[in-house]
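Student: Can we go through this one together? Start with the strands, please.
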Amino acid sequence: MKNKSIYSNFKWVAWLLIGMGVLFLVPAIVMQFVPIGPDNFNLTLNGVRQPYTEANAALFRRIFLYAFSAPTLILFIIGGVILFYHIRKTKKENDLREMGTYLIAGNLEVGYSSIRVNYRHQIFLTCSYVDEKGNNYLFKSRPLRYDPRAFLNGQVKVYYQPDNISNYFVDVEGSMDPVYE
């Protein structure tokens, strides 16, 4: 059986958008190398058919390239931003784990986010911690695929940056035994 992650992962959306961008880019590049002659040239500007000339053929190629490159660029940018955000978040979580500073939080509650996947709201786990001074801290996890409370024994590890406790990561997956689906 495969050990599946409890966290919702949206990295696939980035790769989907980048793949769609590649699909738009391929015809734009291929069209730059297709031979255009008087027999297969058909360019109409403002309802007037243009005669075949080298300048008009170059204009046709540029129009085709720009028309397909604009959506490509937009899809690449959106997919790249999503991918960059995911990589940065994963690096931050790994850095916090490597620092080794963590606390054990309790009072686990499940909340619902505004993100909907397959007509179901994504859930997240909230937990709290009270330090020696009596300060109460509330932590929230990443979006989760299912309710993990049955596997957590009422507590979860929260990794944090020692000088800035607002920079934290709730390690739900690391706090529970492996769950196989």
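Tutor: Some terms to begin with: helices (H or I, at least four residues) and strands (E, at least two) are DSSP runs numbered from the N terminus, and two strands pair if DSSP finds at least two bridges between them. The model is predicted, so local features need pLDDT of at least 70 and side-chain atom pairs count only at pLDDT 80 or more, while totals for chains, interfaces and linings use all residues. Residues are numbered from 1 along each chain as its sequence is written, and side-chain values use heavy atoms, leaving out hydrogens and water.

Student: How many residues lie between β6 and β7 in their hairpin?
Tutor: Two. Strand β6 (residues 156–161) and strand β7 (residues 164–171) run antiparallel, joined by five bridges. V158 has V170 in β7 as its bridge partner.

Student: Now salt bridges. How many does the structure hold?
Tutor: Four, a salt bridge being a side-chain nitrogen of Lys or Arg within 4 Å of a carboxyl oxygen of Asp or Glu. One of them pairs D171 with R97, at 3.4 Å from N to O.

Student: Which parts does that pair tie together?
Tutor: D171 is in strand β7 and R97 in helix α2, so the pair links parts 74 residues apart in sequence.

Student: Is D171 buried or exposed?
Tutor: D171 is buried, at 4% relative accessibility. Buried means under 20% relative accessible area, exposed over 50%, and partly exposed in between (1.4 Å probe, protein chains only). R97, at 32%, is partly exposed.

Student: What does K91 pair with?
Tutor: D95, with the closest N and O atoms 3.0 Å apart. Both lie in helix α2, four residues apart, about one turn of the helix.
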